[in-house]
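Please read this briefing alongside the sequence and the structure shown below.

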Amino acid sequence: MQFPQNTAPKCRMHSCFDIYRCRFNENSLISVYVYPYSTFLNEKGRTLNLKPISVHFDEMLTAIKESSYYTDDKDKACIIIPPLDILNQNGMDLKATAQALAALETWKYSGQNHLIFNMLPGGPPDFNSILDVPLGKAIQAGGSMSTQTYRPGFDVSIPVFNALTVKHRAAPRNRQSKWQVISTQVNIHEEFRKSVDKLASKSHEYLVLGLCPKPHTVSKRCRGKKMYDYPHIMQRATFCLVIRGARLGQTALLDSLMMGCIPIVVSDDYILPFSEVLDWKRAAVVVSENEIDRIPLILKDYSQNQIKDMRLQGKFMWENYFSSMGKIALTTLRVINDRVYKHHACMYEDWNAPYLTSKGDTSSSVGPSLFLPLIPPRSQGFTAVVLSYDRVDMMFKVLRKIADTPSLAKIVVVWNNVKKAPPSVSKWPKLPKPVKVIQAKRNRLSNRFYPYSEIETEAILAIDDDILMLSTDELEFGFEAWREFPDRLVGFPGRIHLYDNASKLKYDSEWTNDVSMVLTGVAFHHKYFSHLFTYMMPYHVRSWVDSHMNCEDIAMNFMIANY
């Protein structure tokens with residue numbers, strides 16, 4: 001009896017996936033073959049000791065068979081799913097499972113184009129983050145993926161589903177949070193438990209629950225002698241802790257989303273479910289393991305409107321991707337489908353519903369730039385957004401200079417100094433245009449591109465607090481030019497990016513006849529791009545800009561050019 005090759009750690013779609021099996025079709029859908037359930041024999045003709053098919057795995061396969069992805073022809077299938085329930089490694093005969101996989105007719109190319117679902121990988125004492133079965137070149141849809149084992153763009157991170165708590169779900173009700181933070185997990189490490197208990201000892205708004213006296217039940221949690229219904233108790237909190245246990249993935253993540261509680265995820269190296277397409281920062285708070293004691297300070301940055309929107313986004317994610325095993329399976333296929341048919345892939349907003357707000361409508365956001373009017377109405381004018389830190393005298397000079405621009409409607413000053421308050425009202429110059437001062441909660445360079453509600457015009461002039469060389473006529477000319485090209489960045493300082501002789505990307509400020517970028521130190525852009533920069537820009541790009549306090553203009557140029 002043969003065994004599969006070891007799991008290939010460097011697999012990517014271009015190296016371990018046969019794209020030619022995914023034939024073109026008018027619907028741009030991958031075809032998925034599901035093996036029928038069957039008995040596997042070893043070399044002695046004896047039945048292999050495999051785990052019986054669970055209701056949960058059967059639900060996944062049934063959803064796939066009833067979907068538009070399904071095909072009954074394995075020779076024409078793009079993706080093949082083995083008839084083995086490998087969702088839970090606990091109690092699994094690893095050798096027998098490996099033998100059964102190798103015996104599949106289609107496994108002959110090291111499992112290429114096969115998809116394996118597993119939610120609970122590893123076993124004691126190490127609890128590896130991937131299945132302890134050699135899988136060759138097969139794609140893993142895993143529930144405890146870590147940055148060390150996850151193969152980007154190849155594997156798919158899925159959640160750990162808790163069918164027991166879903167059965168106990170109560171009908172939604174009007175929320176009245178009694179606690180700010182609740183911890184309901186019973187399997188977290190003792191060191192984490194001590195840290196959480198310490199938080200609870202300092203605030204009555206923190207509730208830490210544990211196992212109830214025997215007999216233990218999944219639907220109860222206790223604090224001392226007081227018993228609470230689980231998961232219903234999560235409805236009484238604003239935030240719910242989701243801390244790693246022996247495995248990175250925890251059922252508490254989906255339980256909190258299900259009950260409308262915002263997850264605080266404390267699990268270093270954990271790849272959040274479907275994070276390839278889902279923007280988790282809009283539905284959860286992610287905290288590193290060594291910053292548990294800072295959670296109260298971190299939560300202070302979240303306004304009531306943000307909390308409402310995060311709950312709404314969490315509800316959207318739960319209902320669309322996580323509420324059943326079938327939806328988890330179909331979402332996994334949808335992610336792979338986007339990789340195969342890139343020209344037909346879903347956009348960020350398709351996955352994340354970016355314009356849905358706590359008000360329940362989409363009217364507060366503008367549509368894609370493709371549908372902007374060719375020339376915005378002159379009457380609205382533009383809003384000047386001035387980012388400042390501590391150069392008060394210089395900033396006042398800039399305000400006096402731009403205030404006389406005819407089309408200027410309002411000035412918004414973003415005060416980025418969190419350690420020092422902005423000047424008092426009596427010290428500000430008297431100007432012919434209204435001025436609104438916004439004190440930032442954090443010193444971030446990206447604050448200049450935040451879509452503040454105080455900005456009521458379509459046009460925004462981003463301007464530094466030391467730009468004094470431009471006249472009001474030049475600013476007015478810049479605005480008129482922007483009115484003709486509202487889907488572009490229109491400004492004054494130009495730059496060029498190109499490849500040098502060593503084929504490395506070069507950014508240059510030399511005065512040449514070629515210009516490919518506009519610096520945002522003084523530039524006009526549509527407010528739509530502020531929404532894009534804040535909500536759709538890849539998180540690692542915006543995070544790099546904020547941590548290095550540089551290159552926000554390069555990020556904005558690339559974003560506008562590529563959206």
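D465 is buried, with a relative accessible area of 3%, where buried means under 20%, exposed over 50% and partly exposed in between (1.4 Å probe, protein chains only). This is a predicted model, in which local features need pLDDT of at least 70 and side-chain atom pairs count only at pLDDT 80 or more, while totals for chains, interfaces and linings use all residues. Residues are numbered from 1 along each chain as its sequence is written, and side-chain values use heavy atoms, with hydrogens and water left out.

**Salt bridges**
- A search of the whole structure finds 17 salt bridges, each defined as a side-chain nitrogen of Lys or Arg within 4 Å of a carboxyl oxygen of Asp or Glu.

**Sheet**
- An open sheet of mixed pairing is formed by six strands in the order β15-β14-β13-β16-β21-β17, where strands are DSSP runs of E of at least two residues, numbered from the N terminus, and two strands pair if DSSP finds at least two bridges between them.
- β15 (435–439) and β17 (490–491) stand at the edges with a single partner strand each, so one side of each is left without a neighbour in the sheet.

Notes: Helices (H or I, at least four residues) and strands (E, at least two) are DSSP runs, numbered from the N terminus.
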